[in-house]
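Please look over the model below before reading the notes.

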Amino acid sequence: MMKVKKDNIISALLILIGIFCQIMPIIPDILNYAIILILLIMFLILRKLDIENELSIKSTYAIKWYGLFGLYAIMTSIYTINTINPEYAIIRIIICFVTAFFVTQYIDYEKNFTKLLDGFIIGGFIGILYVFSQQYFLIGTSRLGSSIYGSSVQFGNVIIITLYSLLWKYKNQSKKSIILIISIIFAFFFALASGTRKALLLPILFYLIATYIDPSEKKSKKLLFFLVIAVLLVVFCYYSIHNAFLYSIIGKRIESLATTIFYNEESDGSAIARMNFKKLAFQMFLNKPIFGYGIHGFAYMNYYTYGKLVYAHDNILDILSCLGIVGFILFDSLLNMFNYN
């Protein structure tokens with residue numbers, strides 16, 4: 001009886017973490033703190049059960065190094081130039097560490113991993129439906145989610161995680177659920193309507209790679225699948241360019257991407273902005289290479305340079321400009337720990 005109770009708590013914990021990760025930026029801070037408190041209470045209950053069964057806390061190298069990296073990043077708030085919102089990055093670091101720590105304790109089994117994916121899917125659709133209910137009138141005129149999730153890029157990531165989770169579950173189901181298929185179709189529709197290229201293209205690439213490396217799939221079936229996908233993508237790209245409505249949503253962004261790749265980067269307005277962000281981040285690193293400008297420092301500098309309180313659109317350059325070589329060494333060590341584990 002106790003085992004069933006524990007399993008239910010673990011499932012609820014992982015589902016809630018998945019939901020929380022997807023909707024955290026769009027809910028009030030007080031609700032974020034309340035959810036963290038609920039997660040902590042659930043974890044303490046599970047710890048009590050673990051102690052009774054003589055199970056110890058799992059402390060991976062990756063979690064230890066992330067804790068060290070996060071602690072250093074928070075300490076840089078002492079000298080950060082950001083006087084607008086350094087707490088934004090601090091809160092995110094703390095929440096990421098806490099949720100990652102909880103997940104690592106109970107993610108050993110595929111069933112538990114699936115529960116986390118269920119949370120990503122539920123939270124993803126909550127976020128997606130909320131954004132579309134608030135910004136449906138922007139479809140075809142601009143990318144969605146920027147004023148709700150902080151940026152259209154972050155909202156695109158929510159859609160990507162949702163689709164990754166759905167496609168993983170679909171790939172690993174022997175009997176395909178009609179509800180899951182409908183959910184995938186709706187998620188791709190929202191990815192298309194959001195106007196974010198990577199939210200549409202990366203999940204497709206993810207599924208293609210998963211199919212390619214799947215040893216259970218026959219080569220002939222893989223070849224047929226790739227041919228079908230290739231034809232569908234060509235047809236979609238053609239109509240997205242030649243249909244006025246599709247062109248306004250995603251076609252012009254696909255066209256600008258193709259032009260950027262085959263001609264020059266200056267043809268894509270967003271590419272120019274990203275290039276400027278990276279140049280600024282690199283210059284900041286050159287100015288203060290050892291310790292950087294402090295946590296969330298790039299966003300502050302970028303705000304006064306280009307009017308946007310956003311990160312550098314390059315994780316490495318963002319870390320170098322904010323945390324310097326010291327922060328980068330800790331971050332690189334963290335990546336190595338993840339690879340080690």
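Which helix gives the most to the lining of the second largest pocket?

1. The answer is α9, with 6 residues. Helices here are DSSP runs (H or I, at least four residues), numbered from the N terminus. The model is predicted, so local features need pLDDT of at least 70 and side-chain atom pairs pLDDT 80 or more, while totals for chains, interfaces and linings use all residues. Residues are numbered from 1 along each chain, and side-chain values use heavy atoms, without hydrogens and water.

2. The second largest pocket holds about 540 Å³ of space. A pocket is an open set of points on a 1 Å grid where a 1.4 Å probe fits, with protein on both sides within 12 Å along at least five of seven lines; lining residues have an atom within 4 Å of a point. The volume is the space filled by probe spheres set on the points.

3. This pocket is lined by 17 residues, and I184, F188, I204, I229 and L232 are the closest to its centre. At least two lining residues come from each of α7, α8, α9 (197–213) and α10 (219–242). The lining has 17 nonpolar residues, no polar and no charged; nonpolar means Ala, Val, Leu, Ile, Met, Phe, Trp, Tyr, Cys or Pro, charged means Asp, Glu, Lys or Arg, and the others are polar.

4. Helices α7 (residues 152–171) and α8 (residues 178–194) pack at about 155°, axes 10 Å apart. They are therefore roughly antiparallel (angles over 145 degrees, between N-to-C directions of axes fitted to C-alpha atoms).

5. Residues in contact (heavy atoms within 4.5 Å) include F155 and L163 of α7, and I184 and F188 of α8. By class, this contact has 13 nonpolar, 2 polar and 1 charged residues.

Terms used
Axes are lines fitted to C-alpha atoms, for helices over the stretch in contact, and angles run from 0 to 180 degrees between N-to-C directions. Angles under 35 degrees count as roughly parallel, over 145 as roughly antiparallel, 65 to 115 as roughly perpendicular and the rest as oblique.
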